[in-house]
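Open the model in your viewer and colour it by confidence. Then follow the stops below, one selection at a time.

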Amino acid sequence: MSAGHQTDTSNHSHAHHGVNHGSLAGYLTGFGLSVVLTAVPFWLVMTNALGNQMASAIAIMAFAVVQIIVHMVFFLHMNTRSESGWTMMALIFTLILVMIALTGSLWVMYHLNVNMMPGHDMSQIP
């Protein structure tokens with residue numbers, strides 16, 4: 001072949017632009033952590049181990065947050081280096097929007113309950 005028909009493989013060596021697509025060990029670690037982070041809250045609820053509903057709810061939410069992080073790191077391969085940080089910026093923007101929507105919804109429901117429900121002051125009526 002002549003020199004003009006040679007293929008240049010240097011452009012294809014970084015086809016994924018340096019993004020780590022995981023390994024079997026990474027997936028198994030993520031799976032193991034996910035199983036533990038699901039089983040422990042289930043055990044807390046089934047055995048009433050903490051003895052307090054509020055403490056159990058806070059513990060379950062904490063486990064849920066950690067599990068979301070585990071899924072993002074081990075299965076979605078999100079980090080600050082992938083796609084020049086745009087993935088993390090999109091995540092932060094999404095979390096802010098979700099927090100605004102949840103906080104606003106809870107605020108509206110609370111105030112509707114306080115201001116619109118009849119019978120809250122029935123004990124004070126003669």
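Start with the helices. Helices (H or I, at least four residues) and strands (E, at least two) are DSSP runs, numbered from the N terminus.

This is a predicted model, so local features need pLDDT of at least 70 and side-chain atom pairs count only at pLDDT 80 or more, while totals for chains, interfaces and linings use all residues. Residues are numbered from 1 along each chain as its sequence is written, and side-chain values use heavy atoms, with hydrogens and water left out.

Zoom out to the whole protein. Its mean pLDDT is 79, and 76% of its residues reach 70 or more. Now select residues 8-15. Their pLDDT stays under 50. The model gives this stretch zero contacts beyond four places in sequence. A contact means heavy atoms within 4.5 Å.

Next, the annotated spans. UniProt, in an unreviewed entry, places the feature "transmembrane region" at residues 24-45, 57-76 and 88-110. Its positions are given in the numbering used here, feature names are shortened, and annotations may be inferred rather than shown by experiment. Select residues 57-76: the chain there is 90% helix and 0% strand. The end C-alpha atoms of residues 57-76 are 27 Å apart. Move to residues 88-110, which are 100% helix and 0% strand. Here the end C-alpha atoms lie 33 Å apart.

Go to S34 in helix α1. Is S34 buried or exposed? S34 counts as buried, because its relative accessibility is 9% (buried means under 20% relative accessible area, exposed over 50%, partly exposed in between, with a 1.4 Å probe and protein chains only). Setting aside residues up to four places away in sequence, S34 touches Q67, V70, H71 and F75.

Step across to Q67, in helix α2. Q67 is buried too, at 18% relative accessible area. Beyond four places in sequence, Q67 is in contact with S34, L37 and T38. Show the side chains of Q67 and T38: a polar contact of 2.9 Å joins them. A polar contact is a pair of N or O atoms within 3.5 Å; within protein, one must be able to donate a hydrogen and the other to accept it, and residues adjacent in sequence count only if both atoms are side-chain atoms.

Last stop: N48, in the loop between α1 (24-47) and α2 (53-74). Its phi is near 50°, a positive value in a residue other than glycine. Most residues other than glycine have a negative phi. N48 is partly exposed, with a relative accessible area of 47%.

Methods. pLDDT is the predictor's confidence in each residue, from 0 to 100.
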